[in-house]
Amino acid sequence: MKKLFILLMILAAVCFVGVWIYQTRRLKKNAQAKIGKGQVVMNWGLIILFVIGLVGAFAAPRDKTSEPAEHHPANEHATKVSKAQSSSESAAAASASSSQAASSSSVSSSSSSQLQVDFPTDVSLNKTGDATVSFKAPANTQFEIKDSNNNVVTTLNGNAQGADQTYNFKKPGKYHVTAHNGDQTIDKDLTVRGIGQ
């Protein structure tokens with residue numbers, strides 16, 4: 001999008017300079033020539049297009065291809081949990097240097113007991129106006145999906161086999177997904193963007 005604004009700005013500037021040179025030469029040859037309303041409208045139109053391109057070049061979001069991976073607030077909770085685990089693991093390993101083997105086995109068992117769920121946190125509606133999201137989790141994991149107003153959109157009940165669960169989103173917006181499995185709970189945010197966003 002940003003490239004489009006830059007292109008618009010360059011084209012408007014080149015056209016304006018060309019029109020200005022043409023009008024200046026015309027006035028030098030014939031001092032009695034009048035400047036018509038069409039020329040005034042064209043000059044102002046090119047100036048406005050230049051300003052739109054200039055503002056858009058600075059205000060438009062970067063292209064996804066040129067931008068590093070976006071920061072998703074949806075993953076903050078999961079990131080905080082994993083950082084807390086890694087810091088507690090490193091602290092436990094440092095304090096128990098004499099019993100390294102015992103502490104590492106207890107740390108690995110505590111990290112493996114963490115509920116692991118996997119689903120995309122940023123999706124877009126397709127041309128038909130829906131986005132199907134597949135939720136991957138261990139067996140008997142229940143997902144609760146709420147919209148930005150904290151209204152429950154749906155609840156997906158897990159099965160004993162642990163097969164992927166899917167939900168078809170119809171509206172763009174921000175959703176909050178809570179996964180429950182026994183006494184384990186994990187929260188993530190999910191963004192559904194509109195068509196072509």
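Reader: In which sense do S6 and S7 pair, parallel or antiparallel, and over how many bridges?

Author: This is a predicted model, and the pairing is read from its coordinates. In one of the bridges, Val177 has Lys188 in S7 as its partner, and the two strands form a hairpin with two residues between them. S6 and S7 pair in the antiparallel sense, and the number of bridges is nine.

Reader: Which residue in the turn of the S6 and S7 hairpin has a positive phi?

Author: Strand S6 covers residues 173–181 and strand S7 covers 184–193, and two residues lie between them in the hairpin. The residue in this turn with a positive phi, of about 65 degrees, is Gly182.

Reader: Which residue in S7 does Val123 stand opposite?

Author: Strand S1, residues 122–124, pairs with S7 in the parallel sense over three bridges. Within S7, the residue that stands opposite Val123 is Val192.

Reader: Which elements give two or more residues to the largest nonpolar core?

Author: This core has 19 residues, and those touching the most other members are Val117, Phe135, Phe143, Phe169, Leu190 and Val192. In soluble globular proteins, nonpolar side chains tend to be buried together. The elements that supply two or more residues to the core are strands S2 (131–135), S3 (142–146), S6 (173–181) and S7 (184–193).

Reader: Why does Phe169 count as buried, and what is its relative accessible area?

Author: Phe169 lies in strand S5, residues 165–169, and, leaving aside neighbours within four places in sequence, its contacts include Phe135, Ile145, Tyr175, Leu190 and Val192. A residue counts as buried when its relative accessible area is under 20%. Phe169 is buried because its relative accessible area is 1%.

Reader: Is Gln23 buried or exposed, and what is its relative accessible area?

Author: Gln23 lies in helix H1, which spans residues 2–29. Not counting residues up to four places away in sequence, Gln23 touches Gln39 and Asn43. With the cut-off for burial at under 20%, Gln23 is buried, and its relative accessible area is 10%.

Reader: How many helices and strands does the protein have?

Author: From the N terminus on, the order of the elements is α-α-α-α-β-β-β-β-β-β-β. Counted along that order, the secondary structure comes to four helices and seven strands.

Methods:
Residues are numbered from 1 along each chain as its sequence is written. This is a predicted model: local features need pLDDT of at least 70, side-chain atom pairs count only at pLDDT 80 or more; totals for chains, interfaces and linings use all residues. Side-chain values use heavy atoms; hydrogens and water are left out. Buried means under 20% relative accessible area, exposed over 50%, partly exposed in between (1.4 Å probe, protein chains only). Contact means heavy atoms within 4.5 Å. A nonpolar core is a set of buried Ala, Val, Leu, Ile, Met, Phe, Trp, Tyr and Cys residues joined through side-chain atoms within 4.5 Å. Two strands pair if DSSP finds at least two bridges between them.
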